[in-house]
Amino acid sequence: MLVVIAKESEPFEVTLKRFKKRCEKAAILSDIKKHQAYEKPSEARKRKRNVSSRKMVKVRRSSDR
């Protein structure tokens with residue numbers, strides 16, 4: 001659970017911005033979006049395969065340099 005403590009003289013907008021940044025870093029919103037709808041097992045395998053291939057391409061690019 002994320003906690004953002006508001007400073008005494010800090011405006012609400014700034015506190016909200018800090019909270020949103022922490023949520024982004026913790027990948028909470030992407031996790032919520034991922035679990036909003038049912039994902040068929042075949043679609044999950046396809047998504048994992050795509051993520052894996054993107055990681056491999058990234059590793060190859062960094063090792064070539």
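Figure 1. Helices (H or I, at least four residues) and strands (E, at least two) are DSSP runs, numbered from the N terminus. With a relative accessibility of 99%, methionine 1 counts as exposed; the classes are buried (under 20% relative accessible area), exposed (over 50%) and partly exposed (in between), with a 1.4 Å probe and protein chains only. Met1, Val3 and Ile5 make a nonpolar surface patch of about 450 Å². Patches consist of residues with over 30% relative accessible area and no salt bridge, where nonpolar side chains (Val, Leu, Ile, Met, Phe, Trp, Tyr) are joined within 5 Å and like charges within 9 Å. A salt bridge is a side-chain nitrogen of Lys or Arg within 4 Å of a carboxyl oxygen of Asp or Glu.

**Figure 2. Lysine 17 and a patch of positive charge.** Lysine 17 is part of helix H1 and is exposed, at 56% relative accessibility. On the surface, Lys17, Lys21, Arg22 and Lys25 gather in a patch of positive charge. Lys and Arg count as positive and Asp and Glu as negative, while His and the chain ends are not counted. For the protein, the mean positions of the 21 positive and 8 negative charges lie 9 Å apart, each charge being placed at NZ of Lys, CZ of Arg, CG of Asp or CD of Glu.

**Figure 3. Alanine 27 in the loop between H1 and H2.** Alanine 27 belongs to the loop between H1 and helix H2 (28-34). Alanine 27 has a positive phi of about 60°, although it is not a glycine. Most residues other than glycine have a negative phi. The relative accessible area of alanine 27 is 35%, which makes it partly exposed.

**Figure 4. The whole chain, for orientation.** The protein has three helices and zero strands, in the order α-α-α along the sequence. Its radius of gyration is 18 Å, well over the 11 Å that the globule rule gives for 65 residues, so the protein is more spread out than a compact globule. The radius is taken over C-alpha atoms, and the rule is 2.2 Å times the number of residues to the power 0.38. The C-alpha trace spans about 50 × 40 × 15 Å along its principal axes. Of the 65 residues, 6% count as buried. The accessible surface comes to about 6600 Å², 56% of which belongs to carbon and sulfur atoms; areas come from the Shrake-Rupley method with a 1.4 Å probe, and for residues only the protein chains shown count as cover.

**Notes.** Residues are numbered from 1 along each chain as its sequence is written, and side-chain values use heavy atoms, leaving out hydrogens and water. The model is predicted: local features need pLDDT of at least 70 and side-chain atom pairs count only at pLDDT 80 or more, whereas totals for chains, interfaces and linings use all residues.
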